[in-house]
Structures are given as C-alpha cells and as structure tokens.
Amino acid sequence: MNSFKLPKAFQNQMKGLLGEVVYEEFEKAIEKEARTSIRLNPWKEIPNFEKTEPIPWSENGYFLESRPSFTLDPSFHAGGYYVQEASSMFIEHILKSLKVIKGLFLDLAAAPGGKSTLLSSYLGEEGFLVANEVIQNRAQILRENIIKWGLGNVLVSNNDPEHFAHLEGMFELVLIDAPCSGEGMFRKDPQARVEWSPDHVQLCASRQKRILDRSGALVKAGGYLIYSTCTFNELENEEMIRFLTEEFSYEPVRVPLDPNWKIIESKVETESGEFFGYRFFPHLVEGEGFFITVLKRPQDALSLEPKKVKDFKHHYLKEIGPKECEQIDLELGFSGNGTYFQLNESYFRINQDWKNHVDKLSQHLSLKYFGVEIGKKQGIDWIPSPAWALSILPKNKFETIELSKNQALDFLRKSDIQFIDLPKGWVLVCYQSLPLGWIKNLGNRTNNYYPKEWRIRNL
Ligand SMILES: C[S@@+](CC[C@H](N)C(=O)[O-])C[C@H]1O[C@@H](n2cnc3c(N)ncnc32)[C@H](O)[C@@H]1O
C-alpha cells in the first residue's frame with residue numbers, strides 16, 4: 001500500500017472521467033505493484049533470453065515474472081533490451097498498422113530514450129531519427145542510451161522546441177511525448193502524487209501548448225504527428241488535440257484496436273471533424289496510465305527536402321570527402337554506403353542517404369551525437385571508440401574475447417581484469433556474444449576503455 005494518499009481533487013477528477021463504481025477498480029489497480037516489462041533490441045540477439053509473456057501490441061515487448069537487478073545484467077548494458085513499461089510500446093503498433101514511411105523522424109522530448117529506441121528499431125537501416133532533449137544532463141543520458149542501442153540511425157540534439165523553426169515540413173513523423181502532470185505514474189512513482197495539483201495540471205497544459213505551437217508545422221505533407229502523455233486528465237490530452245486542430249491543418253487518424261486490449265478510444269469533436277485518442281487505464285491494461293493520439297498532415301501542407309550543400313561549412317563539424325570515406329571503409333572493414341564527418345578529431349559514420357539531412361540539421365541544432373562514433377586516427381592506427389563497440393557495425397579487424405558474467409561486471413565497473421593468453425593490442429570484449437567495449441593489452445598491463453561516466457558503481 002502506498003503511503004502517499006491520492007489528492008482529493010484528483011479522486012474527483014477521475015470519478016468524473018470513470019464514474020464512482022469504476023473509480024473503485026481504478027484506485028485498487030494503482031495501489032498494486034506495477035508489472036515490469038522489457039523491449040528487446042531486434043538488431044542484437046540475447047542467446048539465453050527465455051521468452052516470457054508477450055506484450056500484445058509489441059513484437060519485441062515482454063512482461064517479466066519479477067523485477068531483476070538490471071544493473072547487474074551485462075546484456076542490459078550491451079543494449080540487448082530496454083526496460084520500458086508496456087503502454088508506451090503501443091507506438092510500435094501505431095507505426096506498423098499505419099505503415100508509416102521510414103523517413104526522417106523527430107522525437108522532440110526524447111530523454112531518457114525509451115520511445116527513441118523504439119523508433120530507431122522501427123526505422124532500422126531505412127530511416128533516420130532526430131532524438132532531441134531540451135535539458136542538458138538528460139540529453140547526456142539520452143546519448144548514452146542511443147549509443148548502447150547501437151543502430152547508428154539517430155542524431156541526438158539538445159535544443160528547445162523553438163530552435164526547430166527552420167526545419168518546418170521536414171519530418172515524416174514527429175513524436176511529442178510531452179512533459180505532463182504524470183497521473184499515470186502515481187503507481188510507479190509515489191512522489192508524483194505529492195507534486196500533483198489542479199494548478200500543476202494547468203501549468204503542464206500551458207507548457208504543452210507552447211511545445212505543440214512550435215512543433216505542429218514540422219511534419220511534412222502526408223506525415224504524422226503523435227502526441228502522448230502519461231496522464232489521464234482531458235486538459236492535457238483531448239484539449240491538446242483541439243488546440244492542434246485549431247492552430248494547424250491536420251486530419252484525423254483512427255488506430256485499429258483489438259477489443260481484448262481494453263484500450264479506451266476517446267472521440268474528440270473539433271471544427272475540423274472528429275479526432276481520436278487512446279487511453280490506457282491501469283485497471284484495464286497491464287501497463288501504466290497513458291494517452292496517445294495520432295494526426296495526419298494533409299497532402300497540401302508544406303514539405304522540405306534538404307538540398308545538397310555545395311560548400312558545407314560548419315564551425316565544428318568537418319565533412320569528409322568521398323575518396324577518403326571509401327578509404328576509411330576499406331581500412332575498417334565496412335561495406336555499404338557510409339559517409340563520415342569529423343568532430344573534435346573523432347570520426348562519425350552515417351548512412352550516405354541522410355547526409356543532406358545531417359548537413360541541414362547541424363546548421364540549426366546543437367548536436368550531441370549522430371550515427372556511430374568510430375574513433376580517432378593516430379598515424380595509420382585507429383583508436384576505436386566505445387560507441388563503435390556497442391554499435392551493430394562490423395568489428396572484424398579486431399580480436400574478440402568472451403567474458404564470464406563476473407568478468408563482464410568487472411569490466412563495466414572499469415576494474416582491472418586478469419586474463420590468460422590475451423591477444424596483444426585492442427580487444428573487443430563481449431558477454432554472450434554481445435559487445436560491451438574495448439580493452440587494450442599492452443603486454444605488461446591491460447587497460448579498460450569502458451567510459452568512466454557509464455561505469456556501474458557500488459554494486
Ligand atoms: C515524458 S518525458 C519523455 C520520455 C521519453 N520520451 C521516453 O520515452 O523515454 C518528457 C521530456 O520532456 C522534456 N521537457 C521538459 N520541458 C520541456 C519543454 N519545455 N520542451 C520540450 N521538452 C521538455 C523533459 O526533460 C523530459 O525529458
């Protein structure tokens with residue numbers, strides 16, 4: 001039983017939404033323990049994962065029997081899976097059922113990266129995602145999670161929604177997982193109950209309007225805007241659909257539902273017709289409270305396809321010419337259509353198809369990461385970066401060793417590990433075949449190159 005009582009005004013609001021009788025069930029449900037679920041990385045296989053109960057709307061989502069210590073599981077640090085509550089995974093169903101084109105996506109409020117890793121998985125090698133977070137230290141966590149997920153199809157930026165003004169009509173899909181009053185988190189996060197008040201709901205709604213005001217025009221013609229919150233009240237949900245349809249031209253989208261899922265469809269009357277929202281109540285769904293809506297940008301809206309910049313100039317990003325890119329690919333054992341940029345001496349690789357987009361994005365956004373950071377070049381040698389180890393790019397030029405669980409945890413603690421017969425030079429260390437990072441055998445000692453800021457502490 002939670003020691004933080006539900007605020008009276010919240011109880012009344014929910015009774016208004018659900019009725020007195022159903023409210024009782026709702027209240028009982030939020031006093032119960034939340035179920036733990038994970039979403040597997042479809043590009044990284046965990047050999048020993050025993051598939052548990054699947055999440056009905058997600059191909060890669062599973063409920064776990066109990067909550068293990070994820071920190072003590074090396075496969076988690078290797079980006080083999082992401083811990084995410086089940087309702088949020090519904091985005092996968094939306095993308096698949098609407099067959100959203102795998103183009104340029106934007107996740108405007110992305111940290112810590114739950115939904116970004118889902119979008120990255122959906123896009124795979126065919127699309128590219130801008131994962132943006134306004135708060136600097138949260139953008140760092142987002143960067144770490146994107147690097148560990150490892151697909152190389154993401155650019156992480158640290159900007160206010162305001163800074164996207166020059167990118168109107170550029171995105172196939174814009175996701176706004178808005179900061180909200182967090183009513184759907186009352187079970188998982190009791191502190192959310194303390195912070196809740198009707199005034200806070202109003203404050204969140206004003207902030208959401210500000211964010212939507214700056215993002216409504218970013219979607220290209222025929223593309224989609226997805227808006228979601230982890231709160232139940234109408235002010236932060238249905239009202240935002242009304243706001244969007246008043247400010248921008250959008251068409252309604254209805255998402256197919258299986259009645260067994262018990263997701264509640266909400267119909268919203270607007271001047272532009274009837275729109276739809278989807279609410280996840282914890283007494284009906286095995287997941288946290290959630291609201292999501294999808295809107296489609298009409299075909300006659302603006303679209304922006306970035307053109308090739310002839311003389312790309314940037315104050316810290318350097319473009320690498322095609323000849324040198326080919327040479328690097330050859331040296332590192334990559335095939336396919338990669339292109340490189342250099343930033344602070346380090347080389348970053350992206351799929352050539354997204355180069356013009358990255359050129360354009362880099363002119364307007366504060367980049368924290370993009371593609372895969374390969375590493376630095378020292379003479380004819382490469383100093384491989386931790387991000388390359390964690391990426392799905394090949395690492396065939398290096399020796400590899402498989403670690404036991406205890407050795408893997410020592411590596412992740414950045415401790416020294418004793419090895420017998422370790423090859424000389426850079427060695428890729430893996431746990432259950434999933435790469436974790438690099439060590440370098442200098443003969444008389446071995447250095448552990450796991451990033452200091454990611455190391456696991458006190459465990
Ligand atoms: C619900 S969380 C996002 C969770 C994330 N999408 C995920 O699935 O892991 C909302 C995010 O919005 C960010 N945020 C707060 N104020 C904001 C603002 N004014 N504009 C844009 N984002 C904001 C917060 O820092 C937070 O990371």
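**Figure 1. A hairpin from strand 11 to strand 12.** Strand 11 and strand 12 (residues 273-280) run antiparallel and are joined by seven bridges. They form a hairpin, with two residues between them. Across this pair, glutamate 269 faces glutamate 274 of strand 12. Lysine 262 is not a glycine, yet its phi is positive, at about 60 degrees. A word on terms: strands (E, at least two residues) and helices (H or I, at least four residues) are DSSP runs, numbered from the N terminus. Two strands count as paired if DSSP finds at least two bridges between them.

**Figure 2. The whole model and its confidence values.** What you see is a predicted model, in which local features need a pLDDT of at least 70 and side-chain atom pairs count only at pLDDT 80 or more, while totals for chains, interfaces and linings use all residues. Residue numbers start from 1 along each chain, as its sequence is written. The average pLDDT of the protein chain is 95, and 99% of the residues score at least 70; pLDDT is the predictor's confidence in each residue, from 0 to 100. For the complex, the predictor gives an ipTM of 0.99 and a pTM of 0.97.

**Figure 3. The shell around the ligand.** Which residues come nearest to the ligand? Of the 16 residues around the ligand, they are Ala109, Gly114, Lys115, Asp177 and Pro179. Helix 5 (114-123) and helix 8 (198-215) are the elements that give two or more residues to this shell. A residue is near a molecule if its C-beta atom, placed from the backbone, lies within 6 Å of it. Sorted by class, the shell has nine nonpolar, five charged and two polar residues. Here Ala, Val, Leu, Ile, Met, Phe, Trp, Tyr, Cys and Pro count as nonpolar, Asp, Glu, Lys and Arg as charged, and the others, Gly among them, as polar.

Figure 4. Look for proline 112 in the loop between strand 5 (104-107) and helix 5. The peptide bond that leads from alanine 111 to proline 112 is cis, with omega near 5 degrees.

Figure 5. Four strands, in the order 2-3-1-4, form an open sheet with antiparallel pairing. Strand 2 (53-54) and strand 4 (81-83) stand at its edges with a single partner strand each, so one side of each is left without a neighbour in the sheet. Two bridges pair strand 2 with strand 3 (residues 61-63) in the antiparallel sense. Here glutamate 53 stands opposite phenylalanine 63 of strand 3.

**Figure 6. Strand 15 and its two partners.** On one side, strand 14 and strand 15 (residues 338-343) pair in the antiparallel sense over three bridges. Leucine 317 stands opposite leucine 343 of strand 15, and lysine 318 has glutamine 342 as its bridge partner there. Strand 15 also pairs with strand 16, again antiparallel, over six bridges. Phenylalanine 341 faces phenylalanine 348 in strand 16. Strand 15 and strand 16 form a hairpin with two residues between them, and asparagine 344 in the turn has a positive phi of about 50 degrees.

Figure 7. In contact are 33 residues of domain 1 and 31 residues of domain 2, where contact asks for C-beta atoms, placed from the backbone, within 7 Å. Helix 6 gives the most to the side of domain 1 that touches domain 2, with six residues. By class, that side has 16 nonpolar, 12 polar and five charged residues.

Definitions and conventions:
Contact = placed C-beta atoms within 7 Å.
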